[in-house]
Amino acid sequence: MIQRVQSLWLLAAVAVMAVFCVLPFGSVAGKAIEVASDIFVLVPALVSALLCLVAIFLYRSHGRQKAVIVASMAFAIISEAFALVALLLANLSSLSWTLLLPPAAVVAQIAAWRGVNADQRLLRSYDRLR
């Protein structure tokens, strides 16, 4: 069972961040604000999704995989913060449910990190048995 669960969590985080990148995250005076129109929101969101994809293939190095997952979480949080700042500076009129997507991606990334941690513990227990 090693690596299956955290790969699914990381794929879920990639999907969630991809959806966040294509949908508007709020509106100002009836005009939707899209992630693609704000480079400060788009770049961290894309980097977060890309780092999750990279983390899937780092299964041979658990330490490096966990570090990449933590970096991906940081970029998702930065993307959310920039989206909120952009809405506050533009005198927002309404928020969108898509602002809940980066925190959902962070939750999936935390679950993946815990899965990698569980794999590390499992491998250590196998080493003790040898």
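How do the axes of H2 and helix H3 (residues 62-89) cross, and within what distance do they come?

## Basis of the model

This is a predicted model, in which local features need pLDDT of at least 70 and side-chain atom pairs count only at pLDDT 80 or more, while totals for chains, interfaces and linings use all residues. Residues are numbered from 1 along each chain as its sequence is written, and side-chain values use heavy atoms, with hydrogens and water left out.

## The H2 and H3 pair

The axes of H2 and H3, as lines fitted to C-alpha atoms over the stretch in contact, come within 8 Å and cross at roughly 160 degrees. That makes H2 roughly antiparallel to H3, a term for angles over 145 degrees on a scale from 0 to 180 degrees between N-to-C directions. Residues of H2 including Phe40, Leu51 and Ile56 meet a set in H3 that includes Val68, Phe75 and Phe82, where contact means heavy atoms within 4.5 Å.

Val54 is found in H2, which covers residues 39-56, and counts as partly exposed at 37% relative accessibility, between the limits for buried (under 20%) and exposed (over 50%), with a 1.4 Å probe and protein chains only. Val54 and Val68 are 14 residues apart in sequence, and their C-alpha atoms are 7.8 Å apart in space.

## The two sides of H1

The buried residues of H1 (residues 4-22) are Gln6, Ser7, Leu10, Ala13, Val14, Met17, Phe20 and Cys21. Seen down the helix axis, they fall within an arc of 145 degrees, so they line one face of H1; the arc is taken from the directions from the axis to the C-beta atoms. The face turned away from this buried side carries the exposed residues Arg4, Leu8 and Val22.

Terms used. Helices (H or I, at least four residues) and strands (E, at least two) are DSSP runs, numbered from the N terminus. The expected span of a helix is 1.5 Å times one less than its number of residues. Angles under 35 degrees count as roughly parallel, over 145 as roughly antiparallel, 65 to 115 as roughly perpendicular and the rest as oblique.
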